[in-house]
Amino acid sequence: MSTAGVGRLADDERELLATADRLADLHPGYRIEVIGGVVTVAPLRDGPHADALTSAMIALFEAGLGGEETEVLQGIGLWLPSGPEDYAIPDLALVDGDFDEHLIEYNCYDPAVFRMVLEVTSSNYNLDLRHKVAAYAEAKIPVYVILDRRHGRVHVLTEPLGSSYDRHEVYAPGQQAPLPASIGAEVSLDVAELIQAGRAKPRTPDA
């Protein structure tokens, strides 16, 4: 049964979604979300951001995830129960293989099919470290991973409880960040590798 399809509004009542559509037209490529009834606009992702996501995806694929039982996807919409127009677009998500049968609306899917979401911080890092913690916990996303590029750490949040997570582990470079086996495989993220991938590379001066 869907956990997110309640409280739908008529088309002429969807003020926030209409605003999100207008902003998307004005800022192509930007990530527009509605978190806690507030429309947020995330800047275009930089190259290191994409590189860090690739590194995380490789770790998941090497553990055997992705295929029939699960899918590893970037930029898939997640319908949130925190408000009638709330939705998020995680940088990376591990979802059930039949996720496409659980479309809610606005190209967003039922949170029940999400096994894990991962965010790589950008300049608006407080959105990932604070507001999305509450949003994903309320949606009962079992595992939330944050690659905090500003502080050089990886956060692994598990056991959602209300608007927070009961367990919050923080890992530094030189450590492995283990993910719970409940995602479908044994996976440990190399923190140093992810942090390095997410850093801007120094430019070589022209000869």
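**Reading the calls in this model**

Modeller: N107 sits in the loop between β7 and β8. Strands (E, at least two residues) and helices (H or I, at least four) are DSSP runs, numbered from the N terminus. This is a predicted model: local features need pLDDT of at least 70, side-chain atom pairs count only at pLDDT 80 or more, and totals for chains, interfaces and linings use all residues. Residues are numbered from 1 along each chain as its sequence is written, and side-chain values use heavy atoms, with hydrogens and water left out.

Biologist: Why is N107 called exposed?

Modeller: Its relative accessible area is 65%. Exposed means over 50%, buried under 20%, and partly exposed in between (1.4 Å probe, protein chains only).

Biologist: What makes the phi of N107 stand out?

Modeller: The phi is positive, about 60°, although N107 is not a glycine. Y106 has a positive phi too, about 55°, and is not a glycine either. Y106 is also found in the loop between β7 and β8.

Biologist: Why is Y106 called partly exposed?

Modeller: Its relative accessible area is 30%.

Biologist: What makes F99 and Y109 an aromatic pair, and why edge-to-face?

Modeller: A pair of aromatic rings is described by the distance of the centres and the angle of the planes. Rings of Phe, Tyr and Trp (its six-membered ring) pair if their centres lie within 6.5 Å; planes under 30 degrees apart count as stacked, over 60 as edge-to-face and the rest as tilted. By this rule the count comes to three aromatic pairs. One of them joins F99 and Y109, at 5.3 Å centre to centre with 70° between the planes. The distance makes them a pair, and the angle makes the pair edge-to-face.

Biologist: Which distant parts of the chain does the pair of F99 and Y109 link?

Modeller: F99 is in the loop between β6 (92-96) and β7 (103-105), and Y109 is in strand β8 (residues 108-109), 10 residues apart. F99 has a relative accessible area of 15%, so it counts as buried. Y109 is at 16% and is buried as well.

Biologist: How do you know that R14 forms a salt bridge with E105?

Modeller: A salt bridge is a side-chain nitrogen of Lys or Arg within 4 Å of a carboxyl oxygen of Asp or Glu. Here the closest N and O atoms are 2.7 Å apart, so the pair qualifies. R14 lies in the segment before α1 (15-26) and E105 in strand β7, 91 residues apart. Both R14 and E105 are buried.

Biologist: How many salt bridges does the structure hold?

Modeller: The structure holds 10. Among them is the bridge of D91 and R31, at 3.2 Å from N to O. D91 lies in the loop between β5 (87-88) and β6, and R31 in strand β1 (residues 31-35), so the pair ties together parts that are 60 residues apart in sequence.

Biologist: Why do D91 and R31 count as buried?

Modeller: D91 has 2% relative accessibility. R31 has 8%. Each value is under the buried cut-off. D91 and R31 also belong to a network of salt bridges, with E33, R45, E119, D128 and K132.

Biologist: What makes R115 and D96 a salt bridge?

Modeller: Their closest N and O atoms are 2.7 Å apart. R115 is in strand β9 (residues 114-120) and D96 in strand β6, so the bridge ties together parts 19 residues apart in sequence. R115 has a relative accessible area of 21%, so it is partly exposed.

Biologist: What makes Y30, V41 and L44 a nonpolar patch?

Modeller: Patches are made of residues with over 30% relative accessible area and no salt bridge; nonpolar side chains (Val, Leu, Ile, Met, Phe, Trp, Tyr) are joined within 5 Å, like charges within 9 Å. V41, in strand β2 (residues 38-42), is partly exposed at 38%. Together the three expose about 250 Å², by the Shrake-Rupley method with a 1.4 Å probe, where only the protein chains shown count as cover for residues.

Biologist: How do you know that the radius of gyration agrees with a compact globule?

Modeller: The rule is 2.2 Å times the number of residues to the power 0.38, taken over C-alpha atoms. For 207 residues that gives a value near 17 Å, and the protein chain has 17 Å. Its C-alpha trace spans about 55 × 45 × 30 Å along the principal axes. The chain has four helices and 14 strands, and buried residues make up 43% of its 207 residues.
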